[in-house]
Amino acid sequence: MANIYQQMESEELDAAIEELEREAADLKAQNLALDMARGKPSPEQTALARPMLDVLNSSTPLVDGNAIVDNYGTPEGLPSARRLASEILGVDAENVVVNGSSSLNLMHDLVTHGFTNGVAGNKPFYQQGEVKWLCPAPGYDRHFSVTAHLGIKNVPIPMLEDGPDMDMVQRLVEGDPSVKGIWCVPKYANPTGITYSDEVVRRFAQLQPAAPDFRIYWDNAYCVHAFGEKDDNLLNIFDALEEAGNTDLVYEFGSTAKVTFPSSGIAFVAASKADITEIRKAFAVERVSSEKFSQLAHVLFLKDLDGVKAHMRKHAAIVGPRFALVEQKLTDGLGQTGVATWTHPHGGYFVSFDGPKGSARKTVALMAELGVKLTPAGATWPYGDDPNDSNIRIAPTYPSLEDLGKALDVFVVAVKLVSARLARE
Ligand code: PLP
């Protein structure tokens with residue numbers, strides 16, 4: 001359906017553009033310097049975890065069961081940290097490795113392991129000719145960078161309202177042995193905020209890949225990140241695998257980057273018995289054992305899943321009003337215009353916004369001129385190539401509520417102006 005600018009007669013449209021240009025000039029004169037670009041917690045949120053910095057001191061016993069914290073050992077992670085990670089992911093602690101402070105780093109390590117040494121005894125990817133990776137889009141730009149960096153061909157898959165287009169996923173995974181992996185953010189996806197339906201999870205679990213070295217990279221980064229009354233329910237992929245009689249298919253990742261401190265949280269990976277054995281062997285080449293003070297501090301601070309949930313409720317009290325403000329400003333500013341749609345997540349860090357075809361780059365550029373930084377247009381697609389040039393990722397958590405409100409007011413004007421100009425072209 002035509003939007004309001006497309007429905008206007010040319011004089012009316014010219015007048016609307018003139019008025020919007022005046023509003024944009026007024027905003028520019030304010031010399032704003034605002035940032036809605038990256039999904040980072042606000043300083044208020046990271047402050048919530050500051051007490052964690054006090055749980056370790058020179059008299060803290062540096063043991064964890066039989067594990068020693070202040071020396072090499074337990075490369076799979078401290079037993080208590082594995083238990084905590086296993087509760088967060090809903091898996092058996094035996095199948096978890098806690099390692100380092102970045103889950104993206106673990107994903108990178110495992111793609112690289114497949115590339116240089118091969119998965120499950122198969123030839124390394126680099127010896128297999130062209131290798132492909134499925135990339136539900138819009139998706140997380142840093143996922144796409146990991147595979148692109150190794151020369152793996154990223155293949156975009158449409159993201160639907162309940163998850164990736166599973167007919168296409170199934171066709172490619174089951175029909176093409178050069179497909180070795182897929183990036184998934186199954187709960188509060190980056191950037192659409194949707195949670196995969198039970199049917200989508202079951203279809204993933206039932207896949208019969210053409211390639212024996214195909215794995216699903218199940219990045220459950222936002223599994224405890226609800227910010228409203230309602231928390232979406234994600235079917236446990238390992239339960240679904242068991243139900244399907246399938247195994248050795250999924251690597252699941254998580255971290256406390258957005259629970260405690262980004263870059264200084266703990267990261268973990270879970271997989272089947274055979275896969276986690278292989279992962280532990282691969283990691284053993286990289287390091288003797290990983291950093292454990294942070295693991296101990298996390299356990300002493302968060303304790304268990306209930307502790308994590310209680311802590312996340314404090315985040316929700318800060319984050320929830322920001323997302324409510326996005327919804328309100330977009331509805332008030334654009335709701336009646338027909339120029340845009342956007343997502344309405346119950347958790348996570350992003351709202352995915354779609355303007356008219358051909359508008360995203362122009363809107364992001366105009367926003368920069370008006371003093372508001374956004375994620376580059378196209379970043380949510382493999383190779384930065386959004387076929388419609390319509391998608392913009394809104395990251396509302398970092399700015400203060402006041403700054404966010406101002407940034408959204410600018411955004412509404414920018415989207416209207418770009419849409420009106422497009423209607424004139
Ligand atoms: N996975 C997703 C989906 C993310 O959105 C992010 C950060 O934005 C990360 C992983 C990064 O996590 P980490 O800091 O544990 O590497």
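Q: What makes the shell around the ligand seven nonpolar, five polar and one charged?
A: Each residue is sorted by type: Ala, Val, Leu, Ile, Met, Phe, Trp, Tyr, Cys and Pro count as nonpolar, Asp, Glu, Lys and Arg as charged, and the others, Gly among them, as polar. Sorted that way, the shell gives seven nonpolar, five polar and one charged residue. Bear in mind that this is a predicted model, where local features need pLDDT of at least 70, side-chain atom pairs count only at pLDDT 80 or more, and totals for chains, interfaces and linings use all residues. Numbering starts from 1 along each chain as its sequence is written.

Q: Which residues are closest to the ligand, and what makes a residue count as near?
A: Its C-beta atom, placed from the backbone, must lie within 6 Å of the molecule. 13 residues surround the ligand, and the closest are Ser-102, Ser-103, Leu-104, Ser-255 and Ala-257.

Q: How do you know that strand 8 and strand 9 pair?
A: Strands are DSSP runs (E, at least two residues), numbered from the N terminus, and pairing requires at least two bridges found by DSSP. Strand 8 (residues 179-184) and strand 9 (residues 215-219) have four bridges in the parallel sense, so they pair. In strand 9, Ile-216 is the bridge partner of Ile-182.

Q: Why do strand 4 and strand 7 stand at the edges?
A: The open sheet of eight strands runs in the order 4-11-10-9-8-5-6-7, with mixed pairing. Strand 4 (96-98) and strand 7 (163-164) each have a single partner strand, so one side of each has no neighbour in the sheet.
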